[in-house]
Amino acid sequence: MTKRLCIHGLTVAGLLASVAVPASAADTITVASWGGTYQEAQTKAFFDPTAKDLGITIKQDTTNGLDDVRLQVTGNAVKWDITELGADECARGSKEGLFEKLDYSVIDKSGINPKLVHDDWVGISYTSVVLIYRTDVFGDKGPKTWADFWNVEKFPGRRALSGSQATETLSVAALAKGIPIDKVYPVDIDGALQSVDKVKGHIDAWWTSGAQAMQLVKDGEVDMASIWNGRAGTLKKSGAPVSFSFDQGVLTADCMVIPKGSKNKDVAMKALAKFVSPDLQANLPLYVDNGPANEKAFETGKIPPERIKDINSAPENVKKQVLQDPAFWRDTLVEATEKFNNLIQQ
Amino acid sequence: MSIVSASLDHAGRPDRALNADALAADARRESRGLLALLSPGLFLVFAVIIVPIGWLFWLSLFDETGQLSAANYARFFEQASYIKTFVTTFKVAFIVTGACVLFGYPLAYMLSQLPRRAASICLIFVILPFWTSVLVRTYAWLVILQRKGLVNSWLIDLGVIGQPLPLANNFSGVVIGMTHIMLPFLVLPLYASMKTIDVDCLRAGMNLGASPAATFRQIFFPLSLPGLASGVVIVFVLCLGFFVTPALMGGGKVIMWAMRMEQTTSLYSNWGAGAALGVVLLGFTLALLGLFQWLLGARATGVWSQR
C-alpha cells in the first residue's frame, strides 16, 4: 500500500542483508512490519519481550505490503516468518493462498474480534480514519461528522481525502450520506460513489500517504481532512492547532500472517501467539496510538485509565466507529477501486 | 560494421588487386575480433534488458487466473481513468519539455557565450541540483509554492494578490517542479553542442553583412539544433516515466502513468496488470523515439555518440 512507498529502499537493503546471512537457525525468525515509529513501538511492545520469553532471536525487516509477500511466495524465496499487512490485504492474500494455516491450539484467539480471526491470518492492531480540522480556522465549531465535511456551505474551506485508500474514502462517503455506523457494511458502493461525486469538486488534494495527509493539515494547505489517528495524534502532540475525535471514525485492522513456505513456521506460530496475547497487546498503546486488536488487553491493568480514552480500540471508542470489513473488500476491492479512480481523476 | 561492408565491396570488384584475398581475410579476422570484444556487452544487454522486457511482455498476457488473455490491455479501454492517465502523462511531458526549452535555450546560450571561467562557475549552479535528491527538491518546491508557502505569503504581504494562488497540489505545481528537475538534462547536451559551434562561421556571416540577429537565426540556431533535439528527447522520455514529483506536487489530482503502475501492481493479484502498463509505456516511448529519429534525423538522437 502506498503509505509504505518511502521505505522501498529500506526493504531492498533488508532483502540484500538477509540474502547475505546464511540460512537462519531454528531459533531465529524474521518479522516484517511497516517500519517507522510504528515498528519501533512494536519492537518494544511485542518483539523484544517475545524474544526474551521464548529465548529466540527476532530479526526485523520492513514491508511494502501484499506485493512483497506475493513476490516472495510465488518466487519461492520466502525471507519472512511473520509479516504484518492491512486486513483487506490479508483477506486477499488468503484467497490467493499465500499464507500458512494458523494453529489456534497455539494461538489463543479469545478477545480478538471474530471478523479478524481466520484460518491463515489474525488481527494485530487497529488504525482509525478520523476527521481532523484546524482550530485556527474553525475554532471549536469545526466539522464533527462526515455530513459536516460534505456540507461545503456551512463549512467552507479546503478539504483533503484519501485518494489511495478507496476503501476508507468510500466508507466515510457512506457515513456522509447519513447511513448509521452499524449499517455502513456491506457498503453500497454505487451509493458511496455518488456521495464522493457530490464532494469531489471541493477536494483540493487526494492524499496518497499518511505523511502527505499530515503535511497537508500541518502546513494549512487544507482546513479539514480524513487522516489516520496515529498521524492526527502526532500533529496534536506537536502543537498544531487541530482537533479530531473518534466519532464516526473508520476502524481498519492490521493483521499478521506466516507467509507460505516459511522455514520456521513452528517458532513463528509461538511468537505470533505471544504478539496477540493480552499481556503484550497491552504494551502497544503505551508507545503508539494504534490500539490493540485483543480487547482483553484493556483488562490487564497495564494501560493507565487516562490513556484508555485516547485509544481507538478501547471498547468505549469502538462503539462510535465503523469496523471496516476485510471480507467485504476482498471481493469488491478491484472493482470499487477502479470505479473510484474513474470518478476522482480529472 | 563499416569494416565488414568495405571488405565485401572490395572483394566484389572484378579487377581485384593482387593482395585482395589477403586483405579480405584480414578484414574478416578483424570483424570477428571486434565481435568477440563486443560479445560480453551484447550478452549483458541480452541478459539484463532483452530477457526481462520479454518476460514483462509475456507476463502481461495472463489474467488473474493464469489464463492467456488480453484482459490486462482491454482494461485500458474499459476504465476511463487509464486513458485519462495516459493523456495527462503526455500533456505533462509536452508542457514540461516546452518549458525546459523556453528556459533552457537562453540559459545554455548565455553559458556558451560567457568566458570559460565564468561559464564553469555558472555550470556548477546547473549541475548542483543534480546532486540533490529529487525528493528533497520536490519538498522544497512544496514549501515554496503551497497555500501558506513563501511565494503566496510574500505576494499577499506585498498586496499583489488578495487570495493565495493555487500553485501546489495541482497541475501547475507538477509542471513547475518537474521543469526544475528536468532543466539540466536539456541544458547540458545543448551547452555541449553550442560550444562546438565554430565562432569563425559567425564571424564570416557578420563579415558578409549579416546583422547579429540574422547571424543567430541563420547560422547559430540551425547549428545548435542537434543539441536541442537531443536534450528535448531526453527530457521528454524521462518525463513520461516520472513518479516522485507528480505524486507529491499533484495533490493526487495529476496521476501519471508510473503512479498508475504502482497502484495497479498492488491492486491486482497478477503481475500482468502492471506489466501491461509497462509494455504500453515502453511501446509508446520507442515509437516516439522512432518518430524523433525520422523527423530530426539520426543527428538528433545520435548526438551523444558524436562526442
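**Note on the predicted two-chain model**

1. The contact between the chains. In this predicted model, 19 residues of chain B are in contact with 23 residues of chain A. On the side of chain B that touches chain A, the elements giving two or more residues are helix 4 (80-113) and helix 12 (257-267) of chain B. Helix 4 of chain B gives the most to that side, with four residues.

2. A residue within helix 4 of chain B. T97(B) is part of this helix. T97(B) is buried, because 24 other C-beta atoms lie within 10 Å, where 20 or more are required for that class. Apart from its neighbours within four places in sequence, T97(B) is in contact with V232(B), V235(B), F236(B) and C239(B). Between T97(B) and Q79(B) there are 18 residues of sequence separation, and their C-alpha atoms are 28 Å apart in space.

3. Domain division of chain B. Chain B is assigned a domain 1 (1-46) and a domain 2 (79-306). The C-alpha centres of domain 1 and domain 2 of chain B are separated by 42 Å.

4. Recorded annotation of chain B. An unreviewed UniProt entry lists "transmembrane region" for residues 34-58, 92-111, 118-144, 171-192, 227-250 and 271-296 of chain B. Two of these segments may be compared with the model. Residues 34-58 of chain B are 100% helix and 0% strand, with 33 Å between the end C-alpha atoms. Residues 271-296 of chain B are likewise 100% helix and 0% strand, and there the end C-alpha atoms are 37 Å apart. The unreviewed entry in UniProt also gives "domain: ABC transmembrane type-1" for residues 86-292 of chain B. Over that range of chain B the model is 78% helix and 0% strand, and the end C-alpha atoms lie 20 Å apart.

5. Helix 5 of chain B. Is this helix, at residues 116-127 of chain B, largely in the open or enclosed? Of the twelve residues of helix 5 of chain B, the number buried is zero, so the helix lies largely in the open. From its first C-alpha to its last, helix 5 of chain B reaches 16 Å, close to the 16 Å expected at 1.5 Å a residue.

6. Domain division of chain A. Chain A is assigned a domain 1 (2-123 + 254-305) and a domain 2 (127-251 + 323-344). The C-alpha centres of these two domains of chain A lie 28 Å apart. Their contact takes 14 residues from domain 1 of chain A and 16 residues from domain 2 of chain A. On the side of domain 1 of chain A that touches domain 2 of chain A, helix 4 (residues 87-96) of chain A gives the most, with six residues.

7. Nonpolar cores. The largest nonpolar core has 103 residues, of which I132(A), V217(A), A225(A) and C255(A) touch the most other members. Strand 8 (residues 242-257) of chain A supplies the largest share of this core, nine residues. Each of domain 1 and domain 2 of chain A contributes at least three residues to this core. Residues up to four places away in sequence not being counted, V217(A) touches I132(A), R134(A), V222(A), A225(A), I227(A), L235(A) and V242(A). A second, separate core of 50 residues includes A93(B), A229(B), I255(B) and A276(B).

8. Strand 8 of chain A and its partners. Why is strand 8 of chain A described as largely enclosed by the rest of the structure? The reason is burial: 13 of the 16 residues of strand 8 of chain A are buried, so the strand is largely enclosed. Strand 4 (residues 122-134) of chain A pairs with strand 8 of chain A in the antiparallel sense over eleven bridges, and R134(A) stands opposite V242(A). Strand 3 (residues 82-86) of chain A also pairs with strand 8 of chain A in the antiparallel sense, over four bridges; here L85(A) faces C255(A). Strand 10 (residues 322-323) of chain A runs parallel to strand 8 of chain A and is joined to that strand by two bridges, with L323(A) as the bridge partner of L251(A).

9. A further parallel pair in chain A. Strand 5 (residues 159-162) and strand 6 of chain A run parallel and are joined by four bridges. A160(A) stands opposite A205(A) in strand 6 of chain A. Strand 6 (residues 203-207) of chain A is mostly covered, with five of its five residues buried.

Note on methods
Residues are numbered from 1 along each chain as its sequence is written. Chains are lettered from A and ligands numbered from 1 in the order in which they are written. This is a predicted model: local features need pLDDT of at least 70, side-chain atom pairs count only at pLDDT 80 or more; totals for chains, interfaces and linings use all residues. The expected span of a helix is 1.5 Å times one less than its number of residues. UniProt positions are given in the numbering used here, feature names are shortened, and annotations may be inferred rather than shown by experiment. Two strands pair if DSSP finds at least two bridges between them. Domain bounds come from an automatic or database domain assignment. A nonpolar core is a set of buried Ala, Val, Leu, Ile, Met, Phe, Trp, Tyr and Cys residues joined through C-beta atoms within 7 Å. Two residues are in contact if their C-beta atoms, placed from the backbone, lie within 7 Å.
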